[in-house]
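Here is a guided look at one protein chain, meant to be read with the model open beside the text.

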Amino acid sequence: MRICVFLSAADLDDRYTRPAREFAKLLGKGGHTLVWGGSDVGLMKVVADGVQEAGGRLVGVSVEFLAAKARAGVDEMVIAKDLAERKRLLLEKADAVVIMVGGTGTLDEATEILELKKHGHTDKPVVLLNTAGFYDGLKEQFRRMEDEGFLPRPLTDLVFFAEEPVGALAYLEESQGVE
């Protein structure tokens with residue numbers, strides 16, 4: 001399975017890097033491919049390292065203004081002209097999406113895939129990995145959107161909230177029929 005991971009490129013502490021590394025190792029050991037923003041810094045590097053060390057493939061999609069931070073030695077690297085093209089390519093190259101901790105860029109990527117699912121433009125499974133309760137507030141906001149009629153589909157049709165890396169990958173494998 002080709003799993004797109006949206007996540008931060010910031011250097012973060014162990015409460016965020018440990019679960020990200022754990023997910024990366026599970027992904028690599030499962031023979032899956034990481035599709036990610038291509039950067040070789042911060043949490044993006046942690047995940048790419050973990051996948052590669054565990055035998056998984058790496059497919060990066062960087063963007064022109066970040067090309068200097070793109071990781072070398074990957075299976076495939078594409079440099080998009082802008083962020084919109086980058087998001088489109090990331091989603092095209094993936095069978096499923098995992099949203100890890102991140103800032104505004106990660107949130108932008110997350111809301112785009114959920115908007116596409118909401119309108120029936122994709123049926124790719126999406127998991128929000130709620131590491132250390134990072135997305136508790138967002139989860140509450142999504143529930144409010146659902147309860148107050150802002151979502152035309154049930155929240156459970158749009159996204160699966162996982163508290164641990166193993167649960168995130170198990171959901172994706174089950175949804176894709178991977179054994």
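The buried residues of helix 4 are Thr106, Glu109, Ala110, Ile113, Leu114, Lys117 and Lys118. Keep in mind while browsing that this is a predicted model. What covers those buried residues of helix 4? The cover includes strand 1, helix 3, strand 5, strand 6 (126-129), helix 5 and helix 6 (155-158).

Helix 4 covers residues 104-118, and its 15 residues should span 21 Å at 1.5 Å a residue; the C-alpha atoms at its ends are 21 Å apart, so expectation and model agree. Just after helix 4 comes Gly120, with a positive phi of about 75°.

Now turn to strand 3, which runs through residues 57-63. Is strand 3 largely enclosed or largely open? Of its 7 residues, 6 are buried, so the rest of the structure largely encloses this strand. A residue counts as buried when its relative accessible area is under 20%.

Strand 3 is joined to strand 2 (residues 33-36) by 4 bridges, and the two run parallel. Within this pairing, Leu34 stands opposite Leu58 of strand 3. To get from strand 2 to strand 3, the chain passes through helix 2 (residues 42-53), making a right-handed β-α-β crossover. Strand 3 also runs parallel to strand 4 (residues 76-80), with 5 bridges joining the two. Here Val63 is found opposite Ala80 in strand 4.

## Nonpolar cores

The largest nonpolar core has 29 residues, and those touching the most other members are Ile3, Val5, Phe23, Leu34, Val47, Val98 and Met100. At least two residues of this core come from each of strand 1, helix 1 (14-29), strand 2, helix 2, strand 5, strand 6 and helix 7. Which element gives the largest share of this core? That is helix 2, with 6 residues.

Setting aside neighbours within four places in sequence, Ile3 is in contact with Phe23, Leu27, His32, Thr33, Leu34, Val35, Ala96, Val98, Leu169 and Leu172.

## Salt bridges

How many salt bridges does the structure hold? There are 14. One of them pairs Arg2 with Asp95, whose closest N and O atoms are 2.7 Å apart. This pair links distant parts of the chain, 93 residues apart: Arg2 belongs to strand 1 (residues 2-6), while Asp95 sits in the loop between helix 3 (83-92) and strand 5 (96-99). Arg2 is partly exposed at 35% relative accessibility, and Asp95 is partly exposed as well, with a relative accessible area of 23%.

Why are Glu92 and Arg88 about one helical turn apart? Because they are 4 residues apart in helix 3. Both ends of the pair are partly exposed, with Glu92 at 49% relative accessibility and Arg88 with a relative accessible area of 40%.

Lys139 and Glu163 form a further salt bridge through their side chains (3.6 Å, N to O). Lys139 lies in helix 5 (residues 136-147) and Glu163 in the loop between strand 7 (160-162) and helix 7 (165-175), so the bridge ties together parts 24 residues apart in sequence. Lys139 counts as buried, at 16% relative accessibility, whereas Glu163 is partly exposed, with a relative accessible area of 42%.

## A look at helix 7

Finally, find Glu174 in helix 7. Is Glu174 buried or exposed? Its relative accessible area is 69%, so Glu174 is exposed. For a sense of distance, Glu174 and Ala70 are 32 Å apart in space, C-alpha to C-alpha, and 104 residues apart in sequence.

Terms used
Residues numbered from 1 in each chain as written. Predicted model: local features only at pLDDT ≥ 70, side-chain atom pairs only at ≥ 80, totals over all residues. Heavy atoms only, no water. Buried < 20%, exposed > 50% of the residue type's maximum accessible area, 1.4 Å probe, protein only. Pairing = 2+ DSSP bridges. Right-handed = clockwise from strand over helix to strand, strands pointing away. Salt bridge = Lys/Arg side-chain N within 4 Å of Asp/Glu carboxyl O. Expected span 1.5 Å × (residues − 1). Contact = heavy atoms within 4.5 Å. Core = buried A, V, L, I, M, F, W, Y, C linked by side-chain atoms within 4.5 Å.
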